Each structure stands twice: as structure tokens, then as C-alpha cells.
Amino acid sequence: MVNEQPAAPGRRAGGRRAPQRPAAASPRRGDGKLAWLLITPAVAGFLVFFAYPTVRGVYYSFTSFHILTAPKWVGLANWREMFGDSVFWHSLLVTVYFVGLSVVAGVLLSLITAVVLHRLTRSTVIRGLVILPFLISGVVAALVWQWMLDPQLGIVSQLLEKVTGVHLLFFSDSHWAVPSLAAVSVWKSMGYNAVLIFAGLQTIPPTVYEAGRLDGASEFQMFRRLTVPLLRPILVMVVILTVIGSFQVFDIVSVTTQGGPANASNVLQMYIYEKGFGELDFGYASTMSLALFVLLIAITFTQMRLARANETDLN
């Protein structure tokens, strides 16, 4: 009987060397210091420009603070004043009206634009042109549209009057001021939202549409029963971003209407600005800002819960 000798470490039976497993890379000395060095600018920016102003604003909301005097603690006095302020509630209603118009029109147009780009064209030039309005400053966009909608010299106003015979005062009419502002906001943000939705469309397998065609579904039926359900997470994100951005609208209103006519377009951000930098009442302005912050958190959380943002209708 032949006695078999055990194979040497690192060798297989027959003399062949067994493959060596790579040793786990141990952290090098100094990696922690390098990591902290790299993230220090971001952490410093977060603390200086976000965390500190937020904490300071919460403190000011419970004080009577004018810029020329030291803050004086008043407790819930600012909150009681806010709940009884008719201008605040009017501004909030105007803001909700603006948000409703911007979200509904903006998301629908962005969805249609993204689907058209995805199904009908592969031109990168056209896709780049769609996002151009988003890259324009809000002040510049507001100025351009103010000139175009000018009741006397605006090209849009003149063209509309020649075609329909109707002379509209877009930013000067209390009935048309908010819809006109919403139209400018939709024009500016539509390209960015369309790109987000277009990215979501890229993740839908082509076999899904092929199966739909085999079942005899039309383009509209596939859009309603396949595209929209599969885009639920992206659409929820777009809606949330649009709601937050619309509630924070300021530059377009400040350039075009300044809250007029007769407070018809006086959104909440304009009222906060007037109280803070017009009347120098930073305590009350901080209270309204904190109330808006809490409102946005509640709306975002509710939207994500109701819309099941992390799943599609086909899960």
C-alpha cells in the first residue's frame, strides 16, 4: 500500500500550485486624514450656509427682531400674529393657486415632451435645445417674457390681438397675472423635468412595448397602461421637485408683477421678503419662513406616502 503524503501548503495534488486568493486590502495609514481633508469644504459649506442659518432662523421666529435692535424673545407672539394675518393667508392661497397651475401644466407638458423625444427622435441637438430654458437665469427669463407679453410692444400680445382680436393685459390683469407667471415658470422648468422623465423612459425595456403591440394595443393605450405606470417613481420625484420649486417662486414675481396688481400675485415668498427687507421685521419674516418649511416637509412626506414613490403600478 502506498502512503499518500499531504500536499504542501499552496499546492494541489499532482504538484500544481493552487491559485492564491488576494489578501484583503488593509486601510493605509493616513486614509482617514485624507478623507476628512476632502470632505471638509463640503461640511464647512453645509454648516455655514445651511445648518447655522436654519438654527438662527428658528430662533428668530420666536423673537421680535429688527435689524437695528437686538432680538427680544416674545415666545409664540409671532405665530399668533401670523395665524391672524389676512395678508399671510391671502398670499398662501395665491401661492397654492400658482403651484397648482405650475405642477399640473408643467408635469403634463414635460411628460409629453419626454415621450416625443424618446419615441420620435434621437437627435442630441433637439434634446439639448429642450433643456436650454432651464439653464437661463430666472431674472433673465422673467425680463424676456415681460417684454414679449407687454400690452403695447410685446410680440405675443400683438400677435394674439391680430389673430383673435383680444387684447390681454397678462401681468397687469388680476385674473391673468398668476396664470401668466405660471406659464413662465412652466416654460423655464419644463426642459429639466422632461430630461428626468426621459431618463426614466430609457430604463423601460423595449420588450414591454413589443408585447403591447402584439396584443394589439395602440400608442395611446401603451402610453396610459404601460409608460405612465412604469414611470411612477420618476413622476413622483418630478412632482415633488416642481411643488417645492413652485412654493419658493420669487424671482419671476419680483421682476414682472412685484406682487400686483392689488396683491393678486403676492405669493408667500414676496410677502416674506417685504416683511424682512422692506419693513425690517426679521422676526415675523422668520416665522413665516419656518411655517413654509414645515408645510413643504408635510406636503413632500404626504406625496411620497400616497404615491408609493418607491414602486411602480406593475410591481
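The structure holds 14 aromatic pairs, a pair being two rings of Phe, Tyr or Trp (its six-membered ring) with centres within 6.5 Å; planes under 30 degrees apart count as stacked, over 60 as edge-to-face and the rest as tilted. The model is predicted, and local features need pLDDT of at least 70, side-chain atom pairs count only at pLDDT 80 or more, while totals for chains, interfaces and linings use all residues. Residues are numbered from 1 along each chain as its sequence is written, and side-chain values use heavy atoms, with hydrogens and water left out.

View 1. Tyrosine 60 and phenylalanine 65 have ring centres 4.5 Å apart and planes at 15°. Both residues are buried (under 20% relative accessible area; exposed is over 50%, and partly exposed lies in between, with a 1.4 Å probe and protein chains only).

**View 2. A tilted ring pair formed by phenylalanine 250 and tyrosine 273.** The centre-to-centre distance is 5.1 Å, with 50° between the planes. This pair joins distant parts of the chain, 23 residues apart: phenylalanine 250 lies in the loop between α10 and α11 (251-256), and tyrosine 273 lies in helix α12. Helices (H or I, at least four residues) and strands (E, at least two) are DSSP runs, numbered from the N terminus. Phenylalanine 250 is partly exposed at 25% relative accessible area, as is tyrosine 273 at 40%. Ring pairs link both residues into a cluster whose members include Tyr59, Phe62, Trp73 and Phe282.

**View 3. The largest nonpolar core, with 36 residues.** Such a core is a set of buried Ala, Val, Leu, Ile, Met, Phe, Trp, Tyr and Cys residues joined through side-chain atoms within 4.5 Å. Met82, Phe88, Ile197, Leu201, Leu231 and Met288 have the most contacts inside the core. Elements giving two or more residues to this core include α2 (77-83), α3 (86-120), α7 (177-202) and α13 (282-307). Helix α3 gives the largest share, 9 residues. Apart from this core lies another, of 18 residues, among them Ala142, Phe171, Leu181 and Val255.

**View 4. The surroundings of phenylalanine 88.** Which residues touch phenylalanine 88, leaving aside neighbours within four places in sequence? Its contacts (heavy atoms within 4.5 Å) are Met82, Leu268, Tyr271, Tyr284 and Met288.

**View 5. A nonpolar surface patch of about 1,200 Å².** Leu34, Trp36, Phe46 and Leu47 are among the residues that make the patch. Patches consist of residues with over 30% relative accessible area and no salt bridge, like charges being joined within 9 Å and nonpolar side chains (Val, Leu, Ile, Met, Phe, Trp, Tyr) within 5 Å; accessible areas come from the Shrake-Rupley method with a 1.4 Å probe, and for residues only the protein chains shown count as cover. Leucine 47 belongs to helix α1 (residues 31-60) and is partly exposed, with a relative accessible area of 45%.

**View 6. The salt bridge between lysine 275 and glutamate 279.** The closest N and O atoms of the two residues are 3.0 Å apart. A salt bridge is a side-chain nitrogen of Lys or Arg within 4 Å of a carboxyl oxygen of Asp or Glu, and the count by this rule is 1. Side chains of opposite charge can pair when their charged atoms come close. Lysine 275 is buried, at 13% relative accessible area, whereas glutamate 279 is partly exposed, at 47%.
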